[in-house]
Amino acid sequence: MSRTAHNHRRGNPLPSVAFSLLSTVSLNLMAFPALAQVVPAENHDEVAEEVEEDIIIQSTRSRRRIQAEPLRVEVITREEIEEKALMKPGNVGMLVSEIGGIRVQVTSPALGASNVRVQGMNGRYTQVLADGLPLYGGQASSLGLLQVPPTDLGQVEVIKGAASALYGPSALGGVINLISRRPGEEPETELLFNATSRDGQDITAYTSAPLSEHWRYSITGGLHRQSEQDIDKDGWLDIPGYDRVTVRPRFFWQGDNGSSAFITLGAMTEQRDGGTAPGRTAPDGLPFEQSQDTTRLDAGLVAETPLEGWGTLHIRASAMSQEHGHRFGAVIEDDAHRTAFAEASIAREAEGTTWLTGLAVQLDDYKSEAFPSFDYTYTVPALFTQVEHDFRENLTVAASARIDVHSEFGTKLSPRLSALYRPGPWTFRGSVGGGFYATTPFVEETDAAGLSRLDPLVNLRAETAQNGSFEIGFAKRPFEINVALFASNMTDTVRLEPVDAVAGGEPERVRLVNVEGQTRVRGAETLLRYRWKGVTVTGSYVYVDATEPDLAGTGRRVVPLTPKHTAGIVAMWEKHDVGRIGAELYYTGHQDLEDNPYRSKSKPYYLLGLMGEKAFGNLRVFLNLENILDVRQSRYDPMLLQQRSPEGLWTVDAWAPTDGFTVNAGIRVRFGGADHD
């Protein structure tokens, strides 16, 4: 294929996104009237005014209650985190995958690596934060979420769509902010032991206590192990093996004058192995071991203090160092990623107006021992401001803007405008914004296959996006109903293109190019939730229409691995000091596939799960049945290719689970602290 020219007009005005939203309304009301009413999309968004618990949003910096936040933010509470931690204690992947519009996409079947796609946008555009800090790097690796246990999370906040106005170029598709648990006034300890039918084990521990009148601490640790599994006996490991150790101490200080500080330290090491099973070979007759050894160290600080006559000074800073040892068959790729971040801002509230302005700088550095031509160091100083004004008790408008001066891609402006109107039990939210993404060598394919077949990067432009959303909600006990429409236009998206081989042979090199034209996403999420005493039933439906230009320039195609239709229903019964029982059923529709010799479109499938937990005082016993219908991609087609792809992959893309039916069970023990159940 020929490389496309670089002089195409870039960008698209925000009004076109608003027009697309109106088109999406018509499309979904005409095409899916029954589903929009009967099977709406699950999210953790608006909470009824009658709900006793106040949820304070941290990701937007305004610290408003979720009901009063103009920007749409979806929240997973501590109670929901505890439920999902019983299903997957080793990582937060399952936790975020069950939010409407979120898809955890496997990027490397060999290592089980995954990233998070928000509303049909590529996973590399999603910024993963910890307490507002980039502790997992400016561009979290595709194993990032799989190496974070949910043990010490108090809340998870999700912003969908371009959030560059808040967090810069790494947040083009959205933000997942992992908020830590805050220690209580009494010492608390929690232990969890878990084992799976696929020979996996997890041990996690959390302890917290006051140190003095002003200081408190918490420590979280985990040991996680999974043995290699070749379930379909084809010689290729369907479940990679790994051994992982994590530890994270945190310290909290509260002053007498409203000042506070939070310090976090983290360390993680993991050895992960996949590829061909021991004693087996790939189709070329040679063994192909794929592995990744990871060591990550990080530290962060969040502090604030009142400034008389000025408002409140907020300080945030972090540093992260992550070293990888990659093996792709005979190729060894050792590298190091480092991120440093600092931010200072002043916030003030007066007469219904809250404003914030500040300066930030972020350094992202990558060094490869095997392929130094891909090394980069991005330095990005930024100026940002945010204003929220309550025009009336039930009408709030928020505006934010950020100017990033990127060392590689120049000066970029990222704006956002949001509005909230709340007449009685109704909620109306609207938002439009834009942002950019600083291109790196790491896309899904190179995450999975390494850099050995990638040509040096030449003349790449930053990827940009404009998006908008509109939401209508109604909340009155026992019902909660929500419909959200969204649209995104992306320009200069980067994609891999095979390099033509000499003398008509098979291409064995690839290069990254900016695709001319727009990638467009249109969709809708709907929700219906019913609560009665200890029972909660949630129905979900999500529609996503994502298309992109064909590399050949002949038209448009559906973005691969993006199902148009997903739906689900979740029912949970819970009683204090007794336990809980839950059931869930999820549907995933057809997905267009790329470079798959066995089929061009995937099969739709259902995932059925059951879980239960029984309390015996401080001890709780749990059992979880995951994927009861034993859906596995290898039941439909082989995972293995007969020859390596141009990128260097030996497997097709994962469009369905690869591990099948799994049972996990264990115990959770808690001592001291407040009663959370």
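Which side chains meet in a salt bridge of 3.1 Å, N to O? The views below open with that pair, Glu594 and Arg557.

This is a predicted model, in which local features need pLDDT of at least 70 and side-chain atom pairs count only at pLDDT 80 or more, while totals for chains, interfaces and linings use all residues. Residues are numbered from 1 along each chain as its sequence is written, and side-chain values use heavy atoms, with hydrogens and water left out.

**View 1. The salt bridge of Glu594 and Arg557.** The side chains of Glu594 and Arg557 meet at 3.1 Å, N to O; a salt bridge is a side-chain nitrogen of Lys or Arg within 4 Å of a carboxyl oxygen of Asp or Glu. The pair links distant parts of the chain, 37 residues apart: Glu594 is in the loop between strand S28 (579-588) and strand S29 (605-616), and Arg557 is in strand S26 (residues 556-558). Helices (H or I, at least four residues) and strands (E, at least two) are DSSP runs, numbered from the N terminus. Glu594 is partly exposed, with a relative accessible area of 26%, and Arg557 counts as partly exposed at 22% relative accessibility. Here buried means under 20% relative accessible area, exposed over 50%, and partly exposed in between (1.4 Å probe, protein chains only).

View 2. Arg461 and Glu516 join their side chains in a salt bridge of 3.3 Å, N to O. Arg461 lies in the loop between helix H6 (444-449) and strand S20 (463-476), and Glu516 in the loop between strand S23 (509-514) and strand S24 (518-532), so the pair ties together parts that are 55 residues apart in sequence. Both Arg461 and Glu516 are buried. A salt bridge also joins the side chains of Arg495 and Glu548 (3.6 Å, N to O). Arg495 counts as buried at 11% relative accessibility, and Glu548 counts as buried at 9%.

**View 3. Helix H3.** Eight of the 10 residues of helix H3 (residues 78-87) are buried, so the helix is largely enclosed by the rest of the structure. Among the buried residues of H3 are Arg78, Ile81, Glu82 and Leu86.

**View 4. The largest nonpolar core.** This core has 26 residues, and those with the most contacts inside it are Leu95, Val116, Leu153, Val156, Ile176 and Leu178. A nonpolar core is a set of buried Ala, Val, Leu, Ile, Met, Phe, Trp, Tyr and Cys residues joined through side-chain atoms within 4.5 Å. Not counting residues up to four places away in sequence, Leu95 touches Ile76, Glu80, Ile81, Lys84, Leu153 and Val156, where contact means heavy atoms within 4.5 Å.

**View 5. Leu527 and Asn482.** Leu527 lies in strand S24 and counts as buried at 0% relative accessibility. Leu527 and Asn482 are 45 residues apart in sequence and 4.9 Å apart in space, C-alpha to C-alpha.

**View 6. The lining of the second largest pocket.** The second largest pocket is lined by 48 residues, of which Glu445, Glu594, Asp595, Glu647 and Asp653 lie nearest its centre. On a 1 Å grid over the protein atoms alone, a pocket is an open set of points where a 1.4 Å probe fits, with protein on both sides within 12 Å along at least five of seven lines; lining residues have an atom within 4 Å of a point. Strand S22 gives the most to the lining of the second largest pocket, with four residues.
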